[in-house]
Amino acid sequence: MFIYRIAAVLAALTSSAASAGAGPNPFMPIIKVAVGGLVVIAAVLLMIGLIKLLLVMTMKRRQPQRSGRPATGRSNRRDPKSPLRREPVLIAASKHDGVEPSPPLRPAPTVKPSSAPFAEPSAGPVNGSAPTVWSIALIRELEWKRFEELCALFWQRKGYPARLTGAGADGGVDVVIADQRDPARTFAVAQCKSWSSKPVGVEAVRALWGARDHFKAQLALFYGLSGFTQDARAFAEGKHLKLISGEELLQQIEAMPAADQATLLAEVTRGDYTTPTCPTCDIKMSRRPGRDGKPDFWGCNNYRRCGARPIVCRS
Ligand SMILES: [Zn+2]
């Protein structure tokens with residue numbers, strides 16, 4: 001560019017110097033023609049250079065605009081020769097991903113495989129000879145956590161992925177039973193109350209009914225070994241809310257195929273199934289003598305750290 005400009009300036013200088021030359025010169029017309037030609041060539045070259053410069057500048061100004069603009073189909077259609085015209089395909093793909101929720105991203109609850117037994121904290125049978133048949137006495141003998149496991153294992157035997165919720169569950173839900181075909185969905189929520197002297201009241205039943213909504217479950221199940229109050233029974237009437245007493249659970253177990261009953265029995269009565277588990281630290285509690293004529297109680301060896309409250313012994 002600069003070369004053209006210098007050439008143009010030199011040509012101008014030469015022509016002016018030539019025109020300012022003293023006296024008539026026989027070569028003057030030839031020089032004039034030559035200088036004129038040079039000036040024209042220089043001017044043309046200068047023009048070409050300027051046009052090139054302008055083109056480069058406009059290109060540079062356009063490019064950042066194109067990338068900065070929101071990528072729409074319209075902008076690409078306006079510039080069909082652009083190397084970015086493959087963009088619509090990419091945009092379409094990304095838009096599709098954004099609109100349609102992809103099923104694998106859905107939070108899938110951790111569901112135990114139906115055949116896997118629950119973790120065994122203690123080893124070896126400590127209850128003497130293991131029972132060989134189901135009975136209401138056996139169901140009542142189960143410690144609170146083993147009773148929850150019975151409810152979950154019962155549904156697993158029936159082919160539903162069921163899991164215990166563990167401590168700190170919402171709405172008092174102890175067992176979450178997943179849908180048979182879609183384990184990401186909840187079929188039913190269950191609460192299990194075993195060691196209670198009073199029948200289950202309407203408040204606890206109402207709370208479970210609310211938890212059913214929270215889990216978006218079809219069904220709510222309340223397993224209560226000490227039965228239910230009249231109010232609780234009235235509340236559950238006509239709802240997808242089943243109140244199941246110990247006797248009703250026994251009937252449901254006895255209605256299963258004999259092989260399933262035996263497997264369920266072996267799973268539920270493995271190891272120590274009567275000593276309660278600490279609700280906080282999940283270890284077996286220890287029996288302690290009650291003072292001043294009070295009944296014996298179950299205490300956690302770890303209670304200074306876990307703060308678990310003692311559980312009064314039933315016998
Ligand atoms: Zn504890």
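Two residues are in contact if their C-beta atoms, placed from the backbone, lie within 7 Å. This is a predicted model, in which local features need pLDDT of at least 70 and side-chain atom pairs count only at pLDDT 80 or more, while totals for chains, interfaces and linings use all residues. Residues are numbered from 1 along each chain as its sequence is written.

**Exercise 1.** Find the residues that Cys 151 touches, leaving out those up to four places away in sequence.

*Solution.* Start at Cys 151 and look for its contacts: they are Val 175, Ala 190, Cys 192 and Tyr 223. Helices (H or I, at least four residues) and strands (E, at least two) are DSSP runs, numbered from the N terminus.

**Exercise 2.** Work out the order of the open sheet formed by three strands, and say which strands stand at its edges.

*Solution.* First, the order is E6-E7-E8, with antiparallel pairing; strands pair if DSSP finds at least two bridges between them. Strands E6 (286–288) and E8 (311–312) are the edges: each has a single partner strand, so one side of each lacks a neighbour in the sheet. Now look at E7 (residues 297–299), which two bridges join to E8. Here Phe 297 stands opposite Val 312 in E8.
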